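Please read the following walk through the structure with the sequence and the 3D view side by side.

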Amino acid sequence: MERDYSAVRRPDDVYFFATCLVDLFCPEAGMDAIQLLEREGIRVHFPEDQTCCGQPAYTSGYADEARAVAKVQLGLFPNDWPVIVPSGSCGGMIRHHYPKLFAGDAALKAKADALSERVFELTEFFVKVLKVNWKGSGATKKVALHTSCSARREMGTHLHARELLGQLGNVELLNHSHESECCGFGGTFAVRQPDISAAMAGDKADALKETGAEQFLSADGGCLMNIDGTLAKRRDSFRGQHLASFLWHNTERQGEKA
Amino acid sequence: MSARDNIFRKLRAASTTTLPAPDAAISAHYASLPRTAKDQLAQEFAEKITAWHAEVHAVPRGAWLDKLKEVLAAKGIATLLYAPATAHGQALEAAGIAGLKPYDRPIDEWKQELFENVDAAITGTRGAIAETGTMIVWPDATEPRLMSLVPPIHIALVDADAVVPTLYDAITQQKWTAGGNTLPTNALLVTGPSKTADIQQTLAYGAHGPKELVVLLLTGEAQ
Amino acid sequence: MSNNTTHTLQFVPGTEFKRRAAEVVANPFLRKSFRGAMDFLMMKRAAQFPDPELLERQRDLAEHIRRYSLSKLPQLLEQLEANLTRNGVTVHWAETPDEANAIILDICRRHDTKLMVKGKSMVSEEVELNHAMHAAGIDALESDMGEYIVQLADEKPSHIIMPAIHKTKQQIAELFAAKVPGVSYTEDVDALIQIGRDVLRKKFMEAEVGLSGVNFAVAETGTLCLVENEGNGRMCTTVPNVHIAITGIEKVVEKLEHVVPLYGLLTRSATGQAITTYFNVITGPRREGEKDGPKEMHLVLVDNGRTQAFADEQLRQTLQCIRCGACMNHCPVYTRIGGHAYGTTYPGPIGKIVSPHMMGLAATHVLPGASTLCGACGEVCPVKIPIPDLLIRLREEATHDAKPGHAPLVGQGAGKTAFASFAFKGFAFLYSRPALYRLFTWTATRFRFLTPAKQAGWTDTRTPLTPAAKSLRDLLAERQNRR
Ligand code: SF4
């Protein structure tokens with residue numbers, strides 16, 4: 001369902017929820033996302049106690065364990081600022097699944113509901129709330145884009161990322177075949193069903209490469225590691241980058257949008 | 001305890017609250033769809049069922065027998081199964097169509113003949129549906145079920161005035177179940193000849209039922 | 001490389017799923033043909049729904065109808081039974097596959113028949129009726145072209161709508177030439193269909209008993225609706241003297257009007273057709289004075305685990321299903337492995353959520369886990385079953401004991417492993433203690449050179465996951481100090 005942004009004002013402060021994958025495996029992407037936010041004149045707060053949204057346990061059927069982890073995150077955002085997540089699937093976890101996870105406890109449920117309302121995926125926040133006005137810097141680039149399935153279906157991230165890349169002027173976004181299809185990551189799925197997962201990741205890597213793009217982008221750490229790790233194993237020169245890093249290195253701000 | 005008792009016991013043990021009935025939502029939904037103008041319905045039906053691989057001939061009401069003779073000749077139909085107790089059956093008899101074969105006794109007495117020695121059958125319909133190009137076939141004691149199924153060619157008479165926009169309209173306007181009406185033992189919607197795509201998604205006609213469907217769409221003033 | 005799936009039909013999804021999946025994944029021929037077939041079906045469906053808002057309204061309506069029907073399921077079943085009985089149809093109830101087969105066998109024996117012709121019925125596959133009939137010396141012959149092909153090849157359907165979707169016309173040509181007397185090899189699809197038609201027409205004439213499934217059962221009128229393109233369903237329900245219909249108890253709706261939106265979405269979602277060739281609306285056997293139609297009619301209503309799903313409000317949503325198959329057509333896992341690898345009657349996403357109730361979690365607990373939760377299934381489901389949520393729920397039931405106050409599912413907890421419980425306990429312990437987590441990331445980054453080069457399942461086709469040299473919080477701290 002289309003989210004209503006009409007009541008969301010441009011804030012001076014935001015919280016940044018990095019997610020465990022970004023924190024440990026692609027911290028530059030987190031850093032670049034923070035700098036992009038700061039470039040918009042926003043103060044970014046990084047709650048020191050953040051760990052993980054709890055999704056791995058939740059989707060594996062370990063709701064109690066997920067709750068234990070999620071409960072810690074619930075307490076990290078005391079002020080009424082937006083919470084920015086540089087990963088669609090983790091954003092979707094907080095936005096759509098926290099309320100279900102805490103359905104049995106009225107106080108926590110209220111907290112989860114309130115948090116759900118102010119969680120934004122990074123590109124969503126740029127496009128829908130900040131309505132950024134950026135232009136590309138440097139040479140023209142051809143890129144392909146993969147958006148994680150949960151980000152696509154729960155957060156509409158594919159549309160936001162497209163819109164953002166579309167306004168840069170020097171980025172040509174090439175469509176790949178089976179664009180909406182999953183890359184086969186699926187958290188523990190990749191380990192539980194390695195053959196199927198590898199087949200999906202391989203097909204996705206092929207499809208992205210076949211566009212003739214110079215690189216591919218993704219706003220989701222899990223998909224990125226899956227597809228990029230597949231290409232790296234093949235020693236392919238075609239590789240992926242987190243969307244936040246791409247944007248930080250290839251755009252400049254052009255003041256407020258009219 | 002019987003299986004029935006066990007099943008009901010288990011179902012009743014579950015907590016359920018009856019939800020609001022969907023009837024109003026269904027009727028509102030069909031009312032909200034764009035309507036084809038009444039005088040366009042027959043045209044839409046003809047186009048749609050043609051796309052489903054039927055052969056459609058629009059004929060003035062008074063001239064369908066002539067068109068039928070043409071069709072029979074063109075297709076080399078030597079035996080034509082018909083229902084003698086229907087109005088169109090009597091018209092066929094009166095017109096002296098050659099090779100007429102009445103469906104006048106129970107199937108059990110002539111099953112093999114029906115399967116092997118009938119070229120085509122002609123039946124009436126209870127109207128048609130424009131949206132999907134569908135005929136409403138309403139078999140009964142006089143015009144039995146198998147006529148529209150077993151012979152390789154099915155010829156059907158459709159009254160252009162009896163074409164309704166949707167299946168929902170057919171059920172409600174023709175009052176299939178309302179007002180104490182009961183359904184026949186076997187009502188049918190027929191949309192084109194029998195077909196299958198079970199071999200490599202390749203469409204083939206004449207899977208088990210008729211290979212050809214010919215629609216005589218009766219137009220002009222009602223008699 | 002062989003282009004056949006060699007799987008025979010033993011239902012052991014738990015132990016065999018991974019091996020069978022790996023086999024198909026490694027077969028480029030099968031991969032390509034499944035991909036092609038699913039692309040085709042997805043494209044056809046998409047063409048039927050050009051207006052996403054209208055589609056949403058239709059799905060809402062269909063969901064409403066199915067949920068309403070289930071909300072008064074016991075009443076509707078009673079009403080259905082009463083009206084069918086009034087119409088001259090004998091209604092039977094079966095809790096298990098064995099009971100269903102015994103009922104049908106008993107009817108066949110009373111008529112002393114050796115041949116039963118069958119229209120397409122997934123419930124008859126579910127109870128393995130053919131097997132039971134065969135054991136009793138009765139030939140149960142499939143007459144849907146796809147089912148006929150699959151039966152001739154001694155296989156099972158690999159798709160609920162397109163049973164022979166795993167076969168090419170060359171394979172079917174070879175099969176017919178080998179198995180149908182007097183037939184020579186032809187790849188011409190029209191000729192192949194004509195061969196099937198000729199064989200089966202004789203059988204329709206001969207058979208004393210015809211069996212069919214049911215797409216919708218209408219309580220108010222005591223009516224069974226069947227959806228098909230070929231006409232074999234009509235043959236089975238009209239030509240033989242006895243018609244036996246078999247279906248699951250969830251298939252009932254209240255009124256004929258309620259069927260209309262469901263039927264419209266069923267065919268469009270399944271094969272991208274606005275409507276099927278035939279919609280066969282049966283309200284009883286041959287009446288006095290009628291010249292054809294069966295003289296005797298039966299309906300077998302099967303439970304087989306459905307009451308277990310019904311008992312729980314969330315799991316009950318499984319029963320909304322109208323068996324369109326769209327979820328499998330859009331499933332990236334089904335597209336990679338086809339239907340046989342699942343080892344269940346219903347493959348793909350619907351199979352993963354319904355089979356645990358039919359076969360128990362002991363045999364099926366692997367299946368709910370074999371999904372990335374990408375959500376493609378839930379997105380296309382015409383009755384809006386939240387399939388990913390149900391998969392997560394079944395993962396939970398498969399790895400835990402029943403919650404206090406809840407009856408255990410059959411096979412509850414069968415997927416529990418000490419390793420997984422330990423791992424997730426560890427996960428919760430670590431990630432719910434921020435200080436400990438910081439220590440962990442500190443260690444992981446400093447000692448990243450210790451990261452194993454082989455990581456189970458991951459590194460066969462990917463480079464290892466290696467922590468960065470500095471975590472994001474390290475980088476932020478450094479930046480803070482520089483300022
Ligand atoms: S679960 Fe939904 S999509 Fe899948 S077969 Fe059933 S109705 Fe169709």
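Lys175(B) sits in the loop that runs between helix H7 (167–173) and strand S9 (186–190) of chain B. Here helices (H or I, at least four residues) and strands (E, at least two) are DSSP runs, numbered from the N terminus. Although Lys175(B) is not a glycine, its phi is positive, at about 50°. With a relative accessible area of 46%, Lys175(B) is partly exposed; buried means under 20% relative accessible area, exposed over 50%, and partly exposed in between, with a 1.4 Å probe and protein chains only.

Some notes on how to read these values come next. This is a predicted model, in which local features need pLDDT of at least 70 and side-chain atom pairs count only at pLDDT 80 or more, while totals for chains, interfaces and linings use all residues. Residues are numbered from 1 along each chain as its sequence is written, chains are lettered from A and ligands numbered from 1 in the order in which they are written, and side-chain values use heavy atoms, with hydrogens and water left out.

A second residue of chain B with a positive phi is His53(B), which is not a glycine and has a phi near 85°. His53(B) belongs to the loop between helix H3 (41–51) and strand S1 (55–60) of chain B. Its relative accessibility is 43%, so His53(B) counts as partly exposed.

Now take chain B as a whole. It contains seven helices and twelve strands, and its C-alpha atoms fill a box of roughly 65 × 50 × 45 Å along the principal axes. Of the 223 residues in chain B, 53% are buried. Contact means heavy atoms within 4.5 Å. Among the contacts in chain B between residues at least 6 apart in sequence, 72% join residues at least 24 apart.

Chain B has 19 positive and 24 negative side chains, and the centres of the two sets lie 9 Å apart. Lys and Arg count as positive and Asp and Glu as negative, with His and the chain ends not counted; each charge is placed at NZ of Lys, CZ of Arg, CG of Asp or CD of Glu.

Which residues does Thr123(B) contact, leaving aside its neighbours within four places in sequence? They are His88(B), Glu143(B), Met147(B), His154(B), Ile155(B), Ala156(B) and Leu157(B). Thr123(B) is part of strand S4 (residues 120–123) of chain B, and it is buried, with a relative accessible area of 3%.

Two pairs of chains touch, and the most contacts are between chains B and C. No contact joins chain A and chain B, whose closest C-alpha atoms lie 19 Å apart.

Asn241(C) touches a residue of chain B, Asp108(B), as well as Glu208(C), Pro294(C), Lys295(C) and Glu296(C), not counting residues up to four places away in sequence. Asn241(C) is in the loop between helix H11 (232–238) and strand S7 (242–248) of chain C. The C-alpha atoms of Asn241(C) and Pro294(C) are separated by 4.4 Å, though the two are 53 residues apart along the chain.

Helix H11 of chain C also holds Gly233(C), which counts as buried at 7% relative accessibility. Beyond its neighbours within four places in sequence, Gly233(C) is in contact with Glu228(C) and Asn280(C).

In helix H20 (residues 387–399) of chain C lies Glu397(C), which is buried at 8% relative accessibility. Apart from residues up to four places away in sequence, Glu397(C) touches Leu361(C), Leu409(C), Gln412(C) and Gly413(C).

The last stop is the ligand. The residues around the ligand include Cys321(C), Cys324(C), Cys327(C) and Cys381(C); a residue is near a molecule if one of its heavy atoms lies within 4 Å of it. By class, this shell has ten nonpolar, one polar and one charged residues. Ala, Val, Leu, Ile, Met, Phe, Trp, Tyr, Cys and Pro count as nonpolar, Asp, Glu, Lys and Arg as charged, and the others, Gly among them, as polar.
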